[in-house]
Amino acid sequence: MVENQPNYTPFNPHEKKFDWIICTDRDVESVRKNLAFESPEEFLSWIKDKRVLNMGAGMLKLEKDILSSYVDKVGNLQMVAMEPKLSRKHHRERHTALPENQHISSVAAVWDIKLALPFADGSFDRILSTWAFPYYVKNSETLKNVLSEIDRITTPGCEVRLSPVSREFFDFDTIIGGTNLKYKFVRAHESRVDVLVLYK
Ligand SMILES: C[S@@+](CC[C@H](N)C(=O)[O-])C[C@H]1O[C@@H](n2cnc3c(N)ncnc32)[C@H](O)[C@@H]1O
């Protein structure tokens, strides 16, 4: 159970109030806080030697930060950054250019949530998403589609962390019960958000 905190405001995905937010883009320190890791080291060891998908990667600041400051700590990380804006040429050129790198590739995916994700079954050991989930999950039907795709593209032993996701607004027991995934919520105290953790 997630305990209540007086200063905690649940995030309501049914409200469209987040549409105005421009891409804030988070680095390692900020992502680890939003995903409820105690330290950058804990986050880096979570992705070390893993096949990782970043859903809604924004301007790829996380990926650039890993490459510039932490590359010696991630072992044989294989990371895919999925971001619809990558399909726009000017965004690719101005904001997201990544050095050619063995660790990280980017996908110019305009992801229609009703369609399958562009990855084969069992492609990832880790999936992470910060401040993007509310953009594409606004109702139970899309949540169901997203979770069934996450189930399909992950391996047994995987762990998925999505933030912010508020437990109040969906029937997670029923929706996740229809997949091979298990779930729990953890509180990212420093960012005051709930994180949906999925695993199998
Ligand atoms: C507020 S930004 C967050 C970027 C980054 N993850 C961060 O934490 O700073 C939200 C991102 O979600 C992306 N997004 C919106 N709809 C999406 C979809 N259907 N599939 C994947 N990403 C999506 C947006 O393009 C945007 O880059």
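Keep in mind that the model is predicted. The things to look at are a cis peptide bond between Ser163 and Pro164, a positive phi at Leu60, another positive phi at Arg192, and a C-alpha pair made up of Leu67 and Ile104.

**Cis peptide**
- Ser163 and Pro164 are joined by a cis peptide bond, with omega at about -5°.
- To find Pro164, go to the loop between strand E5 (154–163) and helix H7 (172–177).

- Leu60 isn't a glycine, yet its phi is positive, near 65°.
- Leu60 sits in the loop between strand E1 (51–55) and helix H3 (61–70).
- Leu60 counts as buried because 23 other C-beta atoms lie within 10 Å, and the cut-off for buried is 20 or more.
- Arg192 is another non-glycine residue with a positive phi, this one near 55°.
- Look for Arg192 in the loop that runs between strand E6 (182–188) and strand E7 (193–199).
- Arg192 has 15 other C-beta atoms within 10 Å, so it comes out as partly exposed.

**Around Leu67**
- Leu67 belongs to helix H3, the helix that spans 61–70.
- With 17 other C-beta atoms within 10 Å, Leu67 is classed as partly exposed.
- Leu67 and Ile104 are 37 residues apart along the chain, and their C-alpha atoms are separated by 8.5 Å.

How values were computed
Residues are numbered from 1 along each chain as its sequence is written. This is a predicted model: local features need pLDDT of at least 70, side-chain atom pairs count only at pLDDT 80 or more; totals for chains, interfaces and linings use all residues. Helices (H or I, at least four residues) and strands (E, at least two) are DSSP runs, numbered from the N terminus. A residue is buried if 20 or more other C-beta atoms lie within 10 Å of its own, exposed if 12 or fewer, and partly exposed in between; C-beta atoms are placed from the backbone.
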